[in-house]
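Dear colleague,

Please find below the structure that I am handing over to you. My notes on what was found in it follow directly after.

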Amino acid sequence: MGDTQVNCLYCGKKIAGDVAECPHCGAVSHFQTRGYRSGARLRFVLFWIGVAAFCLFFALWLPR
Ligand SMILES: [Zn+2]
């Protein structure tokens, strides 16, 4: 089983090497190598850009 442990860069505690975030301090783990997390992060950013564009559209479109 992949139970490789690494030290968190921020709090220094032992964390599993394949977790997305440190369970102790919540810092994003920099030991991810699979790349799925960056994809999820991109979707998250695109989602908020969409929300912002949606709000901006209504703010400009709605009559005052
Ligand atoms: Zn930590």
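Helices (H or I, at least four residues) and strands (E, at least two) are DSSP runs, numbered from the N terminus. With that in mind, Glu21 sits in the loop between strand 2 (14-16) and helix 1.

Two remarks on the source come before the rest. This is a predicted model, in which local features need pLDDT of at least 70, side-chain atom pairs count only at pLDDT 80 or more, and totals for chains, interfaces and linings use all residues. Residues are numbered from 1 along each chain as its sequence is written, and side-chain values use heavy atoms, with hydrogens and water left out.

Of its 64 residues, 12% count as buried (buried means under 20% relative accessible area, exposed over 50%, partly exposed in between, with a 1.4 Å probe and protein chains only).

The zinc ion has as its protein donors Cys8 (SG), Cys11 (SG), Cys22 (SG) and Cys25 (SG), at 2.2 to 2.3 Å. Donors are N, O and S atoms within 2.8 Å of the metal (3.2 Å for Na, K and Ca); water is not among the atoms, so sites may look incomplete. Along the sequence, the donor residues follow the spacing C-x2-C-x10-C-x2-C. The arrangement is tetrahedral because the four donor atoms subtend angles of 107 to 113 degrees around the zinc ion; four donors count as tetrahedral if all angles lie between 85 and 135 degrees.

Cys11 belongs to the loop between strand 1 (5-7) and strand 2. Beyond its neighbours within four places in sequence, Cys11 is in contact (heavy atoms within 4.5 Å) with Cys22, His24 and Cys25. Cys11 and His24 are 13 residues apart in sequence, with 7.6 Å from C-alpha to C-alpha.

Returning to Glu21, this residue is partly exposed, as its relative accessible area is 40%.

Finally, which helix holds Leu46? Leu46 is placed in helix 1 (residues 36-61).

Yours sincerely,
A colleague

Conventions: Four donors count as tetrahedral if all angles lie between 85 and 135 degrees; four count as square planar and six as octahedral if opposite donors are over 155 degrees apart and all others between 65 and 115; anything else is irregular.
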